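This report walks through the packing and the charged pairs of one protein model. Keep the structure open alongside the text.

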Amino acid sequence: MDTTKEKVKKFIQFNPLEIKEIREKTLGTECIGGKAKGLVYAKIHLEERKEEYEILKNVVIPESYFLSTEVYEDFLELNKIDRIIKEEPGNLNLIQQKILEGKFPDYVISFLEKVVSIMDYPLAIRSSSYLEDSIKYSFAGKYFTTFIPNTGGIDFRLKQITRAIKQIYASTYGKNAVVYREKHNLHNEKMAVIIQQLFGKRRKEGFYPEIAGVGFSQNYRRFTERIRKEDGVVRIVFGLGTRSTGRGYARIFSLTNLSLRPEGNNPWEIAKYSQETFDMLDMDTGELRDYNINVRLDLISYHRNFNKFASVYSSTENMLKDVPPVLTKLNPGERIVFTFDNFPAFKPRFFRLMEFLFRYLEDLMGIAVDVEWAYEPEDPKFALVQVRPLTSYEEYSKVEIPKDIKKENIILAGDRMLTNGVLKNVRHIVYVDFEEYNKCPDKYEVAREVGRVNEKLQKERYILVGPGRWGSSNPNLGVPVTYNEISNCGMLVELGIKTKNFMPELSYGTHFFADLDLDGILYMPVFDSIETNVINFEFFKSAKSKPTEHPAVWVFEGLYDAYLDGEKMRGVVVSKE
């Protein structure tokens, strides 16, 4: 019986190109990257066990072809981009522009012609970089994934796929990716590519799976003590899984207890934090499109069990209702929200499968795992589209919150879904004032100013405090910063201001939280509507501070400590002065 260390070592040393089937589907003989490695490793072991485990009978790994890292290197050399990278490494815009304008060698075009002919269906073009091969760094969300219809004549299909591959190559020099590599002192990145069948069905002009999402075999962000960390967590969305990894809305199921949810049981709260907008690949335009289901009622008829995913919320009654068998229009005050309340009773097998995969893959790889999946419940086919180690430095070492902290010295206190750790003698708190932010016409400029402050404080770990959810793609939900704009902070605090509709999303499983885990950035949400939480507004009004170039962003100077007890779910930020 292999030990955990031996299992990890076996996975690390695994070379997918030693598998004949994979070698025949790969262009090049070098590395095919971390994502490809995890997927192939899972594929060969799961296929061996299908006869042994009945629960695996409907699990599929989408058909995939691979471009190795030497294709990337040949592309850079042919288009003389390698010289620009060497001579002007900081000129990211130029590097990306030249990549997008570049041409592929003839041998690559020949291979891609064969691939798009064989794969006569929509495709997902996924990054799989050399550095993603590490189990230490996740690179979650740093590189590009895109989708193409793969329709039309060969020339048109080639145009689609070559453009998509170049977009992935260009993402190697995106600002977030570069800052991430610099922060962790990572060099010599090379990009491989996975060309994968896009799992789903054609529904009107769109192509998408009914549901998709991510799963994590360990739950390091429990929203209640009733949840066990080792049971794992699943994030589910309707449509393409692109919505499950961002800071939007998704249904979170802890496998400890499927009925528990972070929002509680109030219908208004549930509706507020439920998905309404979903993603599809538009087969006519080739674009990734997002739609609110309430303006696409025409699509409901394509989903025979739609009421197992969605509910109708009535604001006049503050009530969630079942979706009727035929729905062509909504009554005043009603809207559809994807609560997934009826899903566990509809497909209990799905959750048994997730539990099996978590335990099996974690045991196989010797480490907690992160999976992406898509599912067609009516078939029922379950596609495993990505498997990789769950990179997290979460350790529940004992944190003792001092008992002698004076009440007047508490700046912030929370007791929901916080990290575990201690940060002492912090000299700066960077604060985004929620009132100034709320009335600001250009909220993206607030994010840019936070980025400028982050750059100035690059030699120290500061505490960053702001309304709603940091890193949101919707600026009305929170400050839309990118990774490189908060990369130096030591702790992130999200303020829930109920009257302004700023609410943290307790969204473990997103790329955003993956970065926090890996970088050791402490996290705490604080709600003004919860009696046990504290937001010391008097401190933020009167403490020693200096303004920045934006009226919504302030920098407080002093001496501060943060204590976060992840086991008891209690955290405080205190002033030592």
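## The main nonpolar core

The largest nonpolar core has 66 residues. Ile236, Phe350, Leu361, Trp373 and Phe382 have the most contacts inside this core. The model is a predicted one.

Seen by element, two or more core residues come from each of α3 (33–49), β8 (206–208), β10 (233–238), β12 (277–282), α12 (348–365), β17 (369–376) and β18 (381–389). Helix α12 gives the most, with 11 residues. In soluble globular proteins, nonpolar side chains tend to be buried together.

Which residues does Leu361 contact, leaving aside neighbours within four places in sequence? They are Ala42, Val369, Val371, Leu384 and Val387. Another core lies apart from the largest one and has 49 residues. Its members include Tyr437, Tyr462, Ile463 and Cys489.

## Helix α3 and its partners

Two packed helices are described by the angle between their axes and the distance between the axes. For α3 and α12, the angle is about 115° and the axes are 11 Å apart. The crossing of α3 and α12 is right-handed. From α3, the residues involved are Tyr41, Ala42, His45, Leu46 and Arg49. They meet Leu357, Tyr360, Leu361, Leu364 and Met365 of α12. By class, this contact has eight nonpolar residues, one polar and one charged.

Helix α3 also packs with α1 (residues 4–13). Here the angle is about 115°, and the axes lie 10 Å apart. Lys10, Phe11, Ile12 and Gln13 of α1 meet Lys37, Gly38 and Tyr41 of α3. The class count for the contact of α1 with α3 is three nonpolar, two polar and two charged residues. Tyr41 is listed in the α3 contact with α12 and also in the contact with α1.

## Salt bridges

A search of the whole structure finds 38 salt bridges. In one of them, the side chains of Arg157 and Asp120 meet, at 2.8 Å from N to O. Arg157 lies in helix α8 (residues 154–171), and Asp120 is in the loop between α7 (106–118) and β4 (123–129), so the pair ties together parts that are 37 residues apart in sequence. Arg157 is buried, with a relative accessible area of 11%. Asp120 is exposed, at 51%.

How many residues separate Lys439 and Glu436 in helix α13 (residues 434–439)? They are three residues apart, about one turn of the helix. An α-helix has 3.6 residues a turn, so residues three or four places apart point the same way. The side chains of Lys439 and Glu436 meet in a salt bridge, at 3.6 Å from N to O. Lys439 is exposed, with a relative accessible area of 61%. Glu436 counts as partly exposed, at 26% relative accessibility.

## A charged network

Salt bridges that share partners join Lys204, Glu205, Arg296 and Asp298 into one network. Within it, Asp298 forms a salt bridge with Arg296. The closest N and O atoms of this pair are 2.9 Å apart. Is Arg296 buried or exposed? Arg296 is buried, because its relative accessible area is 10% and buried means under 20%. Asp298 counts as partly exposed, at 29% relative accessibility.

## Helix α4 and Glu70

Helix α4 spans residues 69–78. Its buried residues are Thr69, Glu70, Val71, Tyr72, Phe75 and Leu76. After α4 comes Lys80, whose phi is positive, near 60°.

Glu70 of α4 touches Gly28, Thr29, Glu30 and Tyr107, not counting residues up to four places away in sequence. Glu70 and Thr29 are 41 residues apart in sequence. Their C-alpha atoms are 7.6 Å apart in space.

## A buried lysine in a loop

Lys142 sits in the loop between β4 and β5 (145–148). Lys142 counts as buried, because its relative accessibility is 9% and the cut-off for buried is under 20%. Lys175 is 33 residues away from Lys142 along the chain. The C-alpha atoms of Lys142 and Lys175 are separated by 9.0 Å.

Methods. Residues are numbered from 1 along each chain as its sequence is written. This is a predicted model: local features need pLDDT of at least 70, side-chain atom pairs count only at pLDDT 80 or more; totals for chains, interfaces and linings use all residues. Side-chain values use heavy atoms; hydrogens and water are left out. A nonpolar core is a set of buried Ala, Val, Leu, Ile, Met, Phe, Trp, Tyr and Cys residues joined through side-chain atoms within 4.5 Å. Buried means under 20% relative accessible area, exposed over 50%, partly exposed in between (1.4 Å probe, protein chains only). Helices (H or I, at least four residues) and strands (E, at least two) are DSSP runs, numbered from the N terminus. Contact means heavy atoms within 4.5 Å. Axes are lines fitted to C-alpha atoms, for helices over the stretch in contact, and angles run from 0 to 180 degrees between N-to-C directions. A crossing is left-handed if the near helix is turned anticlockwise from the far one by less than a right angle, and right-handed if clockwise. Ala, Val, Leu, Ile, Met, Phe, Trp, Tyr, Cys and Pro count as nonpolar, Asp, Glu, Lys and Arg as charged, and the others, Gly among them, as polar. A salt bridge is a side-chain nitrogen of Lys or Arg within 4 Å of a carboxyl oxygen of Asp or Glu.
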